[in-house]
Structure formats: structure tokens, C-alpha cells
Amino acid sequence: MTETPMLGFIGLGNMGLPMASRMLAAGHKLVAFDLRREACDALAAQGAEIATSPRAVADRAKTVFLSLPTPQVVRAVIEGQHQAEGLIGAASIKVLVDLSTTGASITKALAQQVQAVGIRYVDSPVSGGVNGAVKGTLAVMCACARTDYESLEALLSVFGKAFHVGETPGLGQSMKLANNMLSATAMAASAEAIAFGVKQGLDPMVMAEVINVSTGANTAIRDKFPKAIIPRLFNFGFASGLMNKDVQLCLQEAQACGVPMAVGSAVGAIWNETVEQLGAESDFTEVAKIIETKAGVVIEVKTPSSKE
Ligand code: NAD
């Protein structure tokens with residue numbers, strides 16, 4: 001009988017923890033690490049082994065997944081502060097699957113560095129939010145050699161629907177940034193449109209119902225407004241700082257390749273303002289508060305007394 005191979009997982013945050021949980025639930029063996037003890041404890045309770053560092057994960061597992069917040073953190077974990085700490089040079093690692101959103105430039109550089117020491121690099125950002133990570137309905141945007149994609153496809157399908165978007169690492173990131181620019185635009189533009197309607201006297205929940213079957217339909221109005229903004233929960237599980245990172249990365253990379261983004265720049269300014277005023281840790285649905293304050297409205301269900 002062949003032994004079940006040990007997989008590695010580094011970064012057990014809003015996305016990483018539910019994704020790693022799904023790996024365990026699918027019967028895979030996992031060794032994991034996060035700087036936060038509580039996240040490690042939560043995964044250990046589901047059967048994962050917890051390592052003492054990213055390097056220790058890559059000393060045990062041949063395939064290692066990363067779900068880390070920023071390009072800087074991904075680079076630091078791969079390279080290590082000292083030679084003895086990074087994933088490069090670890091005893092077992094042969095395939096590195098980066099599920100984080102980092103942008104194409106750094107991904108291309110890291111892929112070269114990692115491939116130079118014989119580790120295969122799979123650029124594989126995801127979309128679909130915490131709910132998608134929990135349910136296994138993420139879009140997984142893989143850019144790597146087709147043969148690597150084929151050998152990983154079954155594993156990636158634990159997270160959701162996998163797509164092979166290209167042969168070169170970086171293309172997954174470009175795919176993801178294009179998506180998140182649209183998602184960020186939908187959030188900001190929908191907040192403006194709903195604030196306008198509320199100021200005119202409309203109920204935002206009624207507006208969402210109508211827009212959802214009209215030509216303005218989008219994921220912000222479908223999910224974020226009814227579930228997190230109108231009920232004033234602001235708990236969608238994606239930090240404003242991370243959304244802003246994605247928007248600014250997209251703007252930088254679009255500028256570098258000569259694609260104008262006038263709408264994107266306006267959206268970027270709104271996300272910068274959100275992070276400045278509400279903090280990088282605020283939930284990204286709180287962008288609506290920035291628009292509300294300027295409009296002098298609150299996007300909430302109308303109480304009977306406030307209805308005409
Ligand atoms: P998060 O901030 O919730 O989680 C990141 C985790 O990484 C944290 O648990 C943190 O402790 C850990 N971490 C940070 N530095 C570390 C280090 N040096 N070693 C080990 N662990 C470390 O972020 P998230 O929302 O889970 O997002 C993860 C990635 O996925 C980001 O790149 C994000 O842009 C992307 N993403 C997020 C969502 C979402 O809806 N939250 C959706 C799609 C993609």
C-alpha cells in the first residue's frame with residue numbers, strides 16, 4: 001500500500017484555514033504553519049500536524065501551499081531572513097503552489113528563483129471569498145507548465161473549480177488582478193448607486209432585489225449589500241488593506257504595460273481613502289461607510305417609521 005503523501009500549508013488566515021480544513025476533510029495529510037497560534041490550534045484540532053516554521057513545513061512536505069497576505073510576506077517566507085529559514089533549500093519541497101494574490105512581477109521573479117533550485121512553481125491565486133473557501137467553490141487560476149497543472153488538478157479541485165490560464169507563472173496573478181479590479185469597482189460603484197437611491201427615499205434591500213434582476217446586477221449587490229452592508233455586519237472576511245493591495249497592484253501593472261485605467265484610478269482613490277480612514281484591517285465592505293459619510297445617508301433597512 002502506498003502511503004498518503006504529506007502536504008504542506010503555510011498561512012491559515014480567512015482563506016487559508018478553511019482551505020486547509022477542506023484538504024484534511026478530503027483525507028489528505030497536512031503539516032501546517034501560521035504565525036497565529038489560535039489558527040494553528042484550530043487546524044491541529046482537525047488532525048493537522050503543526051510545524052514550528054515555514055522551513056519546517058517544507059522539510060516535511062513535497063507539495064507546499066501558501067496563502068499569505070502580501071507580496072512582501074510571500075517573498076520573506078520563500079527566501080527566509082537567513083539562508084537557513086526560507087523554503088528554498090528545505091529538505092522535501094518539490095512543488096510550491098502560491099494561492100496568495102501578489103501581482104505578476106514578483107511572481108515571475110520568485111518563480112525564477114525557486115525553479116533555479118529545482119522547485120516547481122505554481123502561480124495559483126483564488127477568487128470566491130471566505131464563503132467559497134469554506135464551501136469549496138473557489139475559482140483557482142493556475143499558471144504553470146501543463147504537466148504540473150495536470151498532476152495537481154485533482155488536489156486543487158478540493159478548493160473549487162481549477163482553470164489552467166497559462167504556462168507562465170504570473171498569468172494567474174494577472175487574471176486575478178483583472179477580476180479583483182472589477183470586484184473592487186462593483187463595490188465602490190454600487191455603494192454610490194445605493195447611497196443615491198437611499199437619499200432619494202428608496203429602501204436599499206428593495207433596490208438590491210430590483211438590481212439583482214436588472215442590468216446593474218453584480219456580485220456586490222448580490223452578496224455584499226444584502227449579507228454584510230445593509231444588515232450593518234461588515235463581516236465579509238476580506239480586509240480593506242488586502243483589497244487595496246490588489247487594486248494598487250493592478251494599477252501599477254496596467255501602467256507598466258501601457259493600459260489606461262481611468263475608472264480604475266478613481267476606484268483606487270476610494271480604496272486608499274478607505275484604508276486611511278478605517279484602517280487596513282477594516283472589512284472591505286466598510287468602503288460603503290466612506291460613501292455614506294459623504295452622502296449623509298446610512299444604507300440600512302428602512303424602519304416602518306422611516307417608510308413613506
Ligand atoms: P489573512 O490576513 O486573513 O491571512 C493571512 C495569514 O497569513 C494570517 O493568518 C497570518 O497570521 C499569516 N501570516 C502572515 N505572515 C506569515 C508568516 N511569515 N508565516 C506564516 N504565516 C503568516 O488573509 P486572507 O484574507 O486569508 O488572504 C490570504 C491571501 O488570499 C491574500 O493574498 C489575499 O489577497 C488572497 N485572497 C483573499 C480573499 C478573501 O476573501 N479573504 C479572497 C481571495 C484571495
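This is a predicted model: local features need pLDDT of at least 70, side-chain atom pairs count only at pLDDT 80 or more; totals for chains, interfaces and linings use all residues.
View 1. What does Met15 bring to the ligand? One of its backbone N or O atoms lies 2.8 Å from a ligand oxygen atom. Leu68 takes part as well, with a polar backbone atom 2.8 Å from an oxygen atom of the ligand.

**View 2. Here are the surroundings of the ligand.** How many residues surround the ligand? There are 25, and the closest are Asn14, Met15, Asp34, Leu68 and Lys245.

**View 3. Helix H8 packs against helix H9.** Find H8 at residues 171-200 and H9 at residues 204-212; their axes are 9 Å apart and the packing angle is about 130°. Because of this angle, H8 is oblique to H9. The crossing of these two helices is right-handed. H8 contributes Ala193, Ile194, Gly197 and Val198 to the contact, while H9 contributes Pro204, Met207 and Ile211. Sort these contact residues by type and you get 6 nonpolar, 1 polar and no charged.

**View 4. Helix H8 also crosses helix H10.** H10 covers residues 219-229, and its axis comes within 10 Å of the H8 axis, crossing at roughly 65°. Is this crossing left-handed or right-handed? H8 and H10 make a right-handed crossing. On the H8 side, look for Ser183, Ala186, Met187, Ser190, Ala191 and Ile194; they meet Ala220, Ile221, Lys224, Phe225 and Ile229 of H10. The contact of H8 with H10 is made up of 8 nonpolar residues, 2 polar and 1 charged.

Definitions and conventions. Residues are numbered from 1 along each chain as its sequence is written. Side-chain values use heavy atoms; hydrogens and water are left out. Axes are lines fitted to C-alpha atoms, for helices over the stretch in contact, and angles run from 0 to 180 degrees between N-to-C directions. Helices (H or I, at least four residues) and strands (E, at least two) are DSSP runs, numbered from the N terminus. Angles under 35 degrees count as roughly parallel, over 145 as roughly antiparallel, 65 to 115 as roughly perpendicular and the rest as oblique. A crossing is left-handed if the near helix is turned anticlockwise from the far one by less than a right angle, and right-handed if clockwise. Contact means heavy atoms within 4.5 Å. Ala, Val, Leu, Ile, Met, Phe, Trp, Tyr, Cys and Pro count as nonpolar, Asp, Glu, Lys and Arg as charged, and the others, Gly among them, as polar. A residue is near a molecule or strand if one of its heavy atoms lies within 4 Å of it. A polar contact is a pair of N or O atoms within 3.5 Å; within protein, one must be able to donate a hydrogen and the other to accept it, and residues adjacent in sequence count only if both atoms are side-chain atoms.
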